[in-house]
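Grab a pencil and keep the viewer open. Here are a few exercises, each with a solution worked out in steps.

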Amino acid sequence: MRPRRPTRQVTVGDERTGRVRIGGGLPDAAGAETAPAPVSVQTMTAGYTHDVDRCVAEVNRLAAAGADIVRVAVPERKDTQALPEVLAQTRVPIVADVHFHYKRALEAVEAGVHKIRLNPGNISDREQVNAVIDACKARGIPIRVGVNEGSIIERKDKKRRAEELGSFFADRRQGHLLALMIAKLEEYLDIFREREFHDIVISAKLMDAASVIDVYREISHRFDHPLHLGVTHAGPRETGAVRSIAALGALLADGIGDTLRISYANDPVFEVEDGLELLYSLSLRDRRGVDLIACPTCGRIQVDLFTLVQDVRRVLADEITVPMKVAVMGCVVNGPGEAEGADVAVFAGDRRGIIYVQGERVANVPEGEILDRLLAECRSFQARVERGEASLGEKKVEIVPPDPIGELGSGFEKIASGGVAAPASVTVGRT
Ligand code: SF4
């Protein structure tokens, strides 16, 4: 595991949902050491909380996808009134997202929610904040203080506030806004300190990835509370994924960040899947299920590899729970080297696929049978791992690539000579 920035530790959830720890590394309130918890993945429901059946179904679907914590919006009284029913039918810690109406926070606490998110940009009345802090303290419920560039309300004062904060962001894009967000956080957290409430997680989200990196680096120096990472309004998954991974990946690689939400204008299941994949990629979480590697294809390809990879991914995502490495490679020329360490691998070529299990060749099948045979080998391998008859990551024998011109062939010459039809998606030869 990479070294992580030490923080106080916050715990979300109860006996029924299981407790999710966020952050750690600094002593707790009793002076006991805490170890940094695995970075957790959060998401937020897209539907109405007061639509109980749909809300419950969505929360449970997100939990099944791997979400550690799920946030729900509670804009109206009918939403907080629905919370007891939602909580009773779900098994994952629930966060109530509160904006504008501090009473929604009090109602959510009363309903038994596991965490409150407050936005300093729209609930700033000191007495109201104090009321929420006291209610959370009485119930042992943490609060996320989440500033967001879209709801910083003192925009008219930004020049003066930026000057007050000095010039530490003077050379940064959106420097005045970053300074303003940090000032808002400091001012807000003073209220919590005065109440001796430290069960806090902090976030400061913007749309611009570079600014997100800048602001979180700065707040990681200024506060010892765990940090909730996110890029706000990141957009559709196609572009939002790059924006989010650029920002969150850079921070996590530096040991900054204790929980995260990737946000897309799309099904929140994608937020969970991509958040987990980011953490797996950085070795910040132990992988659950298949680690699928696949080649990008090139002029040697002679099967419809893109379809094969998607079919393998879709089926194995549902069926495989052990973290086996599966490689789907387009040819035997570079495939074996690129698939190094795979538990199950297929190397395709000349409309066939050779399948290996931990380096041992188990099949050579025509293209139409590759998917079924590969899936069967993966299922069989998982069963052997579960029975203790096989271990992940072992390689029994070296994969010896077949003769590239013989058994499977590099293909280029065969295709060029008309011996093999090129897949529709592949252009052969120079134009
Ligand atoms: S495995 Fe073969 S087909 Fe795939 S990219 Fe590498 S060389 Fe090309």
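Before the sheet exercise, one rule: two strands pair if DSSP finds at least two bridges between them. Also keep in mind that this is a predicted model.

**Exercise 1.** Work out the strand order of the open sheet, then find its edge strands.

*Solution.* Start with the order: the eight strands run β8-β7-β6-β5-β4-β3-β10-β9, with parallel pairing. Next, look for strands that pair on one side only: these are the edge strands, β8 (200-205) and β9 (228-229). Now check how β9 is held: two bridges join β9 to β10 (residues 259-261), and the two strands run parallel.

**Exercise 2.** Decide whether L278 is buried or exposed, and say what it touches.

*Solution.* First place the residue: L278 sits in helix α9 (residues 268-281). Then count: L278 has 22 C-beta neighbours inside 10 Å, and so it counts as buried; the cut-off is 20 or more. Setting aside neighbours within four places in sequence, L278 is in contact with I245, L248 and G249. L252 makes a handy distance check: L278 and L252 are 26 residues apart in sequence, with 9.4 Å between their C-alpha atoms.

**Exercise 3.** Find which residues of helix α3 are buried and what they pack against.

*Solution.* Go along α3 (residues 102-111) and pick out the buried positions: Y102, R104, A105, E107, A108 and V109. These buried residues pack against α2 (77-88), β5 (94-98), β6 (115-118) and α4 (126-139).

**Exercise 4.** In the largest nonpolar core, which residues touch the most other members?

*Solution.* The background first: in soluble globular proteins, nonpolar side chains tend to be buried together. Here the largest nonpolar core has 78 residues, and I116 and Y216 touch the most other members. Helix α6 (residues 175-194) gives the most to this core, namely nine residues. Zoom in on I116: leaving out residues up to four places away in sequence, I116 touches A96, V98, A105, A108, V109, V132, C136, I141 and I143. Then there's a second, separate core of 32 residues, with M324, A327, A345 and F381 among them.

**Exercise 5.** Describe the shell around the ligand by residue and by class.

*Solution.* Count first: 13 residues surround the ligand, and the closest are C295, C298, G330, C331 and N334. Then sort the shell by class: seven residues are nonpolar, four polar and two charged.

Terms used. Residues are numbered from 1 along each chain as its sequence is written. This is a predicted model: local features need pLDDT of at least 70, side-chain atom pairs count only at pLDDT 80 or more; totals for chains, interfaces and linings use all residues. A residue is near a molecule or strand if its C-beta atom, placed from the backbone, lies within 6 Å of it. Ala, Val, Leu, Ile, Met, Phe, Trp, Tyr, Cys and Pro count as nonpolar, Asp, Glu, Lys and Arg as charged, and the others, Gly among them, as polar. A nonpolar core is a set of buried Ala, Val, Leu, Ile, Met, Phe, Trp, Tyr and Cys residues joined through C-beta atoms within 7 Å. A residue is buried if 20 or more other C-beta atoms lie within 10 Å of its own, exposed if 12 or fewer, and partly exposed in between; C-beta atoms are placed from the backbone. Helices (H or I, at least four residues) and strands (E, at least two) are DSSP runs, numbered from the N terminus. Two residues are in contact if their C-beta atoms, placed from the backbone, lie within 7 Å.
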